[in-house]
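Subject: Structure for your review

Dear colleague,

Please find below the structure that I am handing over to you.

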Amino acid sequence: MKLKCLSIALATLPLMVSAADYYEYCNQILVDGTLQTYESTSNYEAKIALKKWLCSHESSSGGGGGGLELDVIGIFTIGGSGQSAKQWKKENCSGTDYNYEGSKSSHVLIQHSSDSVINAWSQCIKDIRPEKLACYAKETESSLLMTVELGYGIGNIENAEVVGTNLDPLTSVPNRFRPGKKNLRYRINNPRYESYFDLNGEADYLDVSCSYTIPSKPVSEDGDKGCEVFRLQSLSKGKITAYEYQYLREMNQVPLFSNKNGELIGYYSCSEFE
């Protein structure tokens with residue numbers, strides 16, 4: 001399986017990545033998983049998340065990307081672009097597309113990734129970091145579930161200081177973390193702004209830390225062009241009829257497909273993601 005091979009390849013090269021690049025490096029696992037999700041469900045929000053990664057990702061930073069970038073580019077074009085990733089970004093990325101580096105890219109991809117993909121990504125993070133520590137969040141309708149995952153090997157995290165900016169804790173926040181997963185639930189005060197999670201502590205006389213940014217909701221910068229590509233791709237895949245395509249084009253809407261089975265369940269305005 002493609003995802004399995006990718007996760008193994010990443011896990012075998014932890015020493016090649018600096019601490020500053022661990023999100024960039026491991027995010028490829030999330031990209032691969034989100035791309036598979038998009039191909040099966042045609043979820044437009046997943047497509048936006050992939051573009052944010054693509055435009056914010058720097059191949060020269062050591063994170064690679066290569067063929068994965070070209071795979072992602074394929075979902076934004078009709079019949080393939082025939083361009084290099086660098087050229088495509090220059091012509092198609094704009095506005096907030098560039099503002100999703102590091103953990104911000106992780107976050108928007110995690111929202112469209114399966115548990116198995118998130119677990120592979122988290123393991124990649126722990127394999128790279130000497131602290132063996134990963135933190136990440138998944139959004140629900142009413143709250144944010146922050147997970148702190150500590151690998152075995154450095155003991156407990158003691159004297160932990162946890163700071164949440166633009167976040168209100170809905171559960172008690174401990175000052176000690178044992179190996180394994182610890183879930184903390186928060187409410188975002190103002191979803192129009194970014195939120196920040198920072199954890200600092202000590203483990204076996206080693207200072208440990210984990211920082212994670214929850215960006216504001218990603219929006220499409222493609223406008224009508226992106227909606228038209230999405231409609232045409234949906235038509236070519238047989239997910240909508242020619243009549244539905246004409247109707248959606250006239251009404252400036254795009255089809256809404258189920259996250260579970262990819263079936264057509266409704267429509268919404270292009271402006272909803274602009």
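**An enclosed strand and its partners**

Strand β2 (residues 144-150) has six of its seven residues buried, so this strand is largely enclosed by the rest of the structure. Here, buried means under 20% relative accessible area, exposed means over 50%, and partly exposed lies in between, with a 1.4 Å probe and protein chains only. Strands (E, at least two residues) and helices (H or I, at least four) are DSSP runs, numbered from the N terminus.

Please note that this is a predicted model, in which local features need pLDDT of at least 70, side-chain atom pairs count only at pLDDT 80 or more, and totals for chains, interfaces and linings use all residues. Residues are numbered from 1 along each chain as its sequence is written, and side-chain values use heavy atoms, with hydrogens and water left out.

Strand β2 runs antiparallel to β1, to which seven bridges join it. Two strands are said to pair if DSSP finds at least two bridges between them. Within this pairing, Leu133 stands opposite Leu150 of β2, and a hairpin of four residues connects β1 to β2. Strand β2 is also joined by seven bridges to strand β5 (residues 180-188), again in the antiparallel sense. There, Leu144 has Tyr186 in β5 as its bridge partner.

**The protein overall**

The secondary structure comprises nine helices and nine strands. Of the 274 residues in the protein, 47% are buried. The exposed surface comes to about 13,300 Å², of which carbon and sulfur atoms supply 51%; the areas come from the Shrake-Rupley method with a 1.4 Å probe, and for residues only the protein chains shown count as cover. Among contacts (heavy atoms within 4.5 Å) between residues at least 6 apart in sequence, 60% join residues at least 24 apart.

**Other strand pairings**

An open sheet is formed by three strands in the order β3-β6-β7, with antiparallel pairing. Its edge strands are β3 (158-165) and β7, each of which pairs on one side only. On average, neighbouring strands of this sheet are turned by 10° against each other, direction ignored. The axes behind this angle are lines fitted to C-alpha atoms, for helices over the stretch in contact, and angles run from 0 to 180 degrees between N-to-C directions. Strand β6 (residues 195-203) runs antiparallel to β7 and is joined to it by nine bridges; in this pairing Glu202 stands opposite Asp207 in β7.

Towards the end of the numbering, strand β8 (residues 253-257) and strand β9 (residues 264-269) pair in the antiparallel sense over five bridges. Gln253 stands opposite Ser269 in β9. The hairpin of β8 and β9 has six residues between the strands, and in it Gly262 takes a positive phi near 75°.

**Disulfides**

How many disulfides does a search of the whole structure find? The search finds three, a disulfide being a pair of cysteine sulfur atoms within 2.5 Å.

One of them is formed by Cys26 and Cys124, with sulfur atoms 2.1 Å apart. This link is left-handed, with -80° about the S-S bond. Cys26 lies in helix α2 (residues 22-41) and Cys124 in helix α7 (residues 115-128), so the pair ties together parts that are 98 residues apart in sequence. Both Cys26 and Cys124 are buried.

Cys55 and Cys93 form another, their sulfur atoms being 2.0 Å apart; it is left-handed as well, with -80° about the S-S bond. Because Cys55 lies in helix α3 (residues 44-56) and Cys93 in the loop between α5 (85-92) and α6 (103-110), the pair ties together parts that are 38 residues apart in sequence. Cys55 and Cys93 are both buried.

In the disulfide of Cys135 and Cys210, the sulfur atoms are 2.1 Å apart, and the link is left-handed with -100° about the S-S bond. This pair links distant parts of the chain, 75 residues apart: Cys135 is in strand β1 (residues 133-139) and Cys210 in strand β7 (residues 206-214). Cys135 and Cys210 are also buried.

**Helix α5**

The buried residues in α5 include Ala85, Trp88, Lys89 and Asn92. Seen down the axis of α5, its buried residues fall within an arc of 100°, so they line one face of the helix. The arc is that of the directions from the helix axis to the C-beta atoms. Lys86 and Lys90, on the other side of α5, are exposed.

With kind regards
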